[in-house]
Amino acid sequence: MAERILLIEDDRELGSQIADYLSKAGYAMTWRTEGTYPVQSDFQGFSLLILDLMLPGVWGMDILKRLRTFSDMPVLVLSARNNTSDKVRALKMGADDYMTKPFWPEELIERVR
C-alpha cells in the first residue's frame, strides 16, 4: 500500500503538478486548496504533510502550530516565502523541512523520501 501524503497548496496548476509528480513516484495523494484549522481526524492515515504558507483561509504557520498540539506527523513546508526568518520560524514551530518555490521536482521527491 502506498504511503499517503496530504498536500495543502492553493495554486491549482502547481498543486496539480506536485500531486502528479508524487503519484508517479508511488505516493497516494490527497490535495486541499484552502487552509482550515486542523482537527486530529483531518490528518489520520497520512504519513506526511506538504504545506504551503500563503493560503486562503488559515495561514500555513497557524496550521502547523495547531497540528503540533496533537501530532508529530512530518511536515515539509513548500513556500514562495524565502526569507530566513520564515524558514527559522517554521522549523522552530515543528516543521521537519522547508523548501522554497520554485523547486525541482526531483528534489521534492527525494526530500519526501
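A salt bridge is a side-chain nitrogen of Lys or Arg within 4 Å of a carboxyl oxygen of Asp or Glu. The model is predicted: local features need pLDDT of at least 70, side-chain atom pairs count only at pLDDT 80 or more, and totals for chains, interfaces and linings use all residues. Residues are numbered from 1 along each chain as its sequence is written, and side-chain values use heavy atoms, with hydrogens and water left out.

View 1. Aspartate 96 and arginine 68 meet through their side chains in a salt bridge, 3.3 Å from N to O. Aspartate 96 sits in the loop between α3 and β5, arginine 68 in the loop between α2 and β4, so the pair ties together parts 28 residues apart in sequence. Helices (H or I, at least four residues) and strands (E, at least two) are DSSP runs, numbered from the N terminus. Arginine 68 is partly exposed at 23% relative accessibility. Buried means under 20% relative accessible area, exposed over 50%, and partly exposed in between (1.4 Å probe, protein chains only).

**View 2. Salt bridges within helices.** The count of salt bridges comes to 8. In one of them, aspartate 20 joins lysine 24, with the closest N and O atoms 3.2 Å apart. The two residues are 4 apart in helix α1, about one helical turn. Aspartate 20 is partly exposed at 36%; lysine 24 is exposed at 67%. Arginine 111 pairs with glutamate 107 at 2.7 Å between the closest N and O atoms. Both lie in helix α4, again 4 residues apart. Elsewhere, salt bridges that share partners link Glu9, Asp52 and Lys101 into one network.

**View 3. The open sheet.** Five strands, paired in parallel, take the order β2-β1-β3-β4-β5. Two strands pair if DSSP finds at least two bridges between them. β2 and β5 stand at the edges with a single partner strand each, so one side of each has no neighbour in the sheet. Neighbouring strands are turned by 20 degrees against each other on average, direction ignored. Axes are lines fitted to C-alpha atoms, for helices over the stretch in contact, and angles run from 0 to 180 degrees between N-to-C directions.

**View 4. Strand β1 and its partners.** In β1 (residues 4–8), 4 of the 5 residues are buried, so the strand is largely enclosed by the rest of the structure. β1 pairs with β2 (residues 28–32) in the parallel sense over 5 bridges. Arginine 4 has alanine 28 of β2 as its bridge partner. Toward β3, 4 bridges form, also parallel, and leucine 6 stands opposite leucine 49.

**View 5. Helix α2 over the sheet.** α2 lies across β3 and β4, running at about 155 degrees to β3. Gly60, Met61, Ile63, Leu64 and Leu67 of α2 (residues 60–67) are buried. Down the helix axis these residues fall within an arc of 160 degrees, so they line one face. The arc is that of the directions from the helix axis to the C-beta atoms. Their cover includes β3, β4 and α3.

**View 6. Isoleucine 50 in strand β3.** Isoleucine 50 belongs to β3 and is buried, at 0% relative accessibility. Beyond neighbours within four places in sequence, its contacts (heavy atoms within 4.5 Å) include Ile5, Leu7, Leu22, Leu76 and Val112.

**View 7. A cis peptide bond.** The bond from lysine 101 to proline 102 is cis, with omega near -5 degrees. Proline 102 is in the loop between β5 (97–100) and α4 (105–112).
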